[in-house]
Amino acid sequence: MEAETRYLTFALTKGRLAKQTLELFEKVGITCEEMKDTGSRKLIFVNEELKLKFFLAKGPDVPTYVEYGAADIGVVGRDTIMEEGRKLYEVLDLGFGRCRMCVCGPESARGLLKSQERIRVATKYPHIAKDYFYNQKNQTVEIIKLNGSIELAPIVGLSEVIVDIVETGSTLRENGLVVLEEVCPLSARVVVNPVSMRMENERITQLLTKLNICMQEE
Ligand code: PRP
């Protein structure tokens, strides 16, 4: 008797990334009709035919679900992967959700990044900021963790600069701030639990190949 196929579980980042992910998945035949009902309070969605399960989670929780194997596969921004530092395989760049992690501030702060001054850096990403300043720039700084509206920090005098995501640049422009240095480019990535990668190698590889081909055709 054939062993029953187990479910492959996906953790998707709530919001715009999930929407774009589902649009791409649909193009390669992975559908989840249940998930399109926006009024629903359901947390987990199933495609019985393909033996797939999907759930939505806050970005920073996606790598956690994948590391512990509660999800086999995750879709999450590279910023979150870098910040969380979980044990997982990053296997595919989906090409959407493109933006940049940058050091930003008023133009007048540019000089502070050249001298070895102990400046204050506000950010939602303390690990990324610490790695950038300590390991790449060799500059000792004080990192202040914030949870949102990071651009406020240099305006009200909490910090000299910030490390934050820049997409269109309009938040910076509207607040008289500029990009001072680029830390790295970002986009949505597929991550896989290392044990799942071994146990479900065929199904996962097949899926990644389909996604890759579909992306190249666009
Ligand atoms: C992000 C980021 C910037 C802004 C950049 O914030 O932290 O503030 O978007 O986008 P832009 O370059 O297109 O203006 P988000 O809107 O996610 O909210 P947050 O401030 O609460 O983190």
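This is a predicted model: local features need pLDDT of at least 70, side-chain atom pairs count only at pLDDT 80 or more; totals for chains, interfaces and linings use all residues.
Local features need pLDDT of at least 70, side-chain atom pairs count only at pLDDT 80 or more, and totals for chains, interfaces and linings use all residues. Residues are numbered from 1 along each chain as its sequence is written, and side-chain values use heavy atoms, with hydrogens and water left out. Helices (H or I, at least four residues) and strands (E, at least two) are DSSP runs, numbered from the N terminus.

**Strand S1**

- Six of the six residues of S1 (residues 8-13) are buried, so the strand is largely enclosed by the rest of the structure. Buried means under 20% relative accessible area, exposed over 50%, and partly exposed in between (1.4 Å probe, protein chains only).
- Leu8, Phe10 and Leu12 lie on one side of S1, with Thr9, Ala11 and Thr13 on the other. Both faces are covered.
- S1 pairs with strand S3 (residues 52-57) in the parallel sense, over six bridges. Two strands pair if DSSP finds at least two bridges between them.
- S1 also pairs with strand S4 (residues 73-77), again in the parallel sense, over three bridges.
- Alanine 11 faces phenylalanine 55 in S3. In S4, its bridge partner is glycine 74.

**Helix H4**

- Ile128, Ala129, Tyr132 and Phe133 are buried in H4 (residues 126-136). They sit on the same side of H4, because they cover an arc of only 115° around the axis. The arc is that of the directions from the helix axis to the C-beta atoms.
- His127 and Asn135 are exposed, on the face turned away from the buried side of H4.
- Cover for the buried residues includes helix H3 (78-84), strand S6 (99-105) and strand S10 (178-186). Contact here means heavy atoms within 4.5 Å.

**Serine 159**

- Serine 159 is in the loop between helix H5 (152-156) and strand S9 (161-166). The residue counts as buried, at 5% relative accessibility.
- A polar atom of the serine 159 side chain lies 2.9 Å from the backbone oxygen of valine 161. A polar contact is a pair of N or O atoms within 3.5 Å; within protein, one must be able to donate a hydrogen and the other to accept it, and residues adjacent in sequence count only if both atoms are side-chain atoms.
- Leaving aside neighbours within four places in sequence, serine 159 contacts Arg120, Val121, Ala122, Ala153 and Pro154.

**Asparagine 47**

- Asparagine 47 is in strand S2 (residues 44-47). At 11% relative accessibility, asparagine 47 is buried.
- Its side chain reaches the backbone nitrogen of glutamate 49 at 3.1 Å.
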